[in-house]
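Trainee: I would like to learn how to read side-chain pairings in a model. Can we take them one at a time?

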Amino acid sequence: MEAKSSASWQPVFNAGVSYAFDKHWVASASVSYLPLKTTANIKIKAQDGTVLSSSDAEIKLNPIVTFVSLGYKF
């Protein structure tokens with residue numbers, strides 16, 4: 001079996017806020033989005049190298065990552 005995927009470069013979109021309630025308490029939040037798209041190729045070969053089966057797939061992942069924090073400064 002042989003598997004390959006194409007190289008891919010994608011931007012990350014990120015937005016966030018941070019708020020200080022007073023001199024000790026701070027809250028932060030952010031959201032990030034990554035539009036990832038790549039192509040994969042899988043080949044199944046016999047021992048002599050003959051390709052028995054080949055499959056191409058387009059893979060799309062569009063994760064949205066969130067982050068929230070509450071902190072205390074000493």
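**Salt bridges, a polar contact and ring pairs**

Mentor: The count here comes to 3 salt bridges, a salt bridge being a side-chain nitrogen of Lys or Arg within 4 Å of a carboxyl oxygen of Asp or Glu. This is a predicted model: local features need pLDDT of at least 70, side-chain atom pairs count only at pLDDT 80 or more, and totals for chains, interfaces and linings use all residues. Residues are numbered from 1 along each chain as its sequence is written, and side-chain values use heavy atoms, leaving out hydrogens and water.

Trainee: Which residue forms a salt bridge with K45?

Mentor: First the general idea. Side chains of opposite charge can pair when their charged atoms come close. In this model, K45 pairs with E2, with the closest N and O atoms 3.0 Å apart. K45 lies in strand 4 and E2 in strand 1 (residues 2–5), so the pair ties together parts that are 43 residues apart in sequence. Strands here are DSSP runs of E, at least two residues, numbered from the N terminus.

Trainee: Where does K4 come in?

Mentor: K4 also meets E2 in a salt bridge, at 3.9 Å, N to O. K4 is exposed, with a relative accessible area of 56%, while E2 is partly exposed at 24%. The cut-offs are: buried under 20% relative accessible area, exposed over 50%, partly exposed in between (1.4 Å probe, protein chains only).

Trainee: And the salt bridge of E58?

Mentor: E58 pairs with K60, the closest N and O atoms being 3.7 Å apart. K60 is exposed at 54%. Shared partners join E2, K4 and K45 into one salt-bridge network.

Trainee: Which side chain makes a polar contact with that of N41?

Mentor: That of D56, at 2.4 Å. A polar contact is a pair of N or O atoms within 3.5 Å; within protein, one must be able to donate a hydrogen and the other to accept it, and residues adjacent in sequence count only if both atoms are side-chain atoms. N41 is found in strand 4 (residues 36–45).

Trainee: How many aromatic pairs are there?

Mentor: The count is 4. Rings of Phe, Tyr and Trp (its six-membered ring) pair if their centres lie within 6.5 Å; planes under 30 degrees apart are stacked, over 60 edge-to-face, the rest tilted. Y19 and F21 are edge-to-face, 5.1 Å centre to centre with 80° between the planes. Y72 and F74 are edge-to-face at 5.3 Å and 80°. F74 is exposed at 90%. Ring pairs link W25, Y72 and F74 into a cluster.

How values were computed. Helices (H or I, at least four residues) and strands (E, at least two) are DSSP runs, numbered from the N terminus.
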